[in-house]
Amino acid sequence: MLDVRVGDIVQLRKRHPCGADEWRIVRVGADIGLRCVGCDRRVTLPRRRFERRVKAVRTPHEAPGPVDGSAEAAHGSEGGS
Ligand SMILES: [Zn+2]
């Protein structure tokens with residue numbers, strides 16, 4: 001099952017007539033609510049049909065790249081007297 005959340009951006013296989021192919025998730029449940037990022041049109045699709053149309057999912061809340069070590073590096077300067 002496709003894991004999407006409200007606020008995610010998905011790319012669908014079929015481009016919208018307005019030219020955009022990305023949609024923002026606005027509702028998740030038995031039906032998936034989508035809003036076109038191009039023309040702001042809102043549609044609702046049954047989850048099964050939605051999953052078949054999705055080409056890619058972009059999750060803005062999962063930013064790649066863990067933060068590590070930068071805070072510790074400032075402490076590690078040795079003063080050689
Ligand atoms: Zn559109």
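Residue numbers start from 1 along each chain, following the sequence as written.

**View 1. The chain as a whole, with its elements and its confidence.** Two helices and five strands make up the secondary structure of the chain; helices (H or I, at least four residues) and strands (E, at least two) are DSSP runs, numbered from the N terminus. Read from the N terminus, the order is β-β-β-β-α-β-α. The mean pLDDT of the chain is 85, and 73% of the residues score at least 70, where pLDDT is the predictor's confidence in each residue, from 0 to 100. Among the elements, E3 has the highest mean pLDDT (97) and helix H2 (residues 70–73) the lowest (55). Where pLDDT is low, the predicted coordinates should not be read in detail.

**View 2. The open sheet of five strands.** The strands form an open sheet in the order E4-E3-E2-E1-E5, with antiparallel pairing. E4 and E5 are the edge strands, each pairing on one side only. On average, neighbouring strands of this sheet are turned by 35 degrees against each other, direction ignored; the axes here are lines fitted to C-alpha atoms, for helices over the stretch in contact, and angles run from 0 to 180 degrees between N-to-C directions. Two strands count as paired if DSSP finds at least two bridges between them.

**View 3. E1 between its two partners.** On one side, strand E1 (residues 9–12) pairs with strand E2 (residues 22–27) in the antiparallel sense over three bridges, and Ile9 stands opposite Arg24 in E2. E1 also pairs with strand E5 (residues 54–58), again antiparallel, over four bridges. Here Leu12 has Val54 of E5 as its bridge partner.

View 4. E2 and strand E3 (residues 31–36) run antiparallel and are joined by four bridges. Look for Trp23, whose bridge partner in E3 is Cys36.

View 5. Five bridges join the antiparallel strands E3 and E4, and Leu34 has Val43 of E4 as its bridge partner. Leaving aside neighbours within four places in sequence, Leu34 is in contact with Trp23, Arg24, Ile25, Val26, Arg42, Val43 and Leu45; contact means that the C-beta atoms, placed from the backbone, lie within 7 Å. Leu34 also belongs to the largest nonpolar core, together with Val10, Trp23, Ile32 and Phe50. Such a core is a set of buried Ala, Val, Leu, Ile, Met, Phe, Trp, Tyr and Cys residues joined through C-beta atoms within 7 Å. A residue is buried if 20 or more other C-beta atoms lie within 10 Å of its own, exposed if 12 or fewer, and partly exposed in between, with C-beta atoms placed from the backbone. Buried residues make up 6% of the 81 residues in the chain.

View 6. Gly7 is exposed, because it has 12 other C-beta atoms within 10 Å. Between the C-alpha atoms of Gly7 and Leu34, which are 27 residues apart along the chain, the separation is 9.7 Å. Arg5 is exposed too, with 12 other C-beta atoms within 10 Å. Not counting residues up to four places away in sequence, Arg5 touches Ile25 and Val28. Arg5 and Val28 are 23 residues apart in sequence, and 6.5 Å apart in space from C-alpha to C-alpha.

View 7. Asp40 is found in the loop between E3 and strand E4 (42–46). Its phi is positive, about 70 degrees, although Asp40 is not a glycine. Most residues other than glycine have a negative phi. Is Asp40 buried or exposed? Asp40 is exposed, because 10 other C-beta atoms lie within 10 Å.

How values were computed
This is a predicted model: local features need pLDDT of at least 70, side-chain atom pairs count only at pLDDT 80 or more; totals for chains, interfaces and linings use all residues. Two residues are in contact if their C-beta atoms, placed from the backbone, lie within 7 Å.
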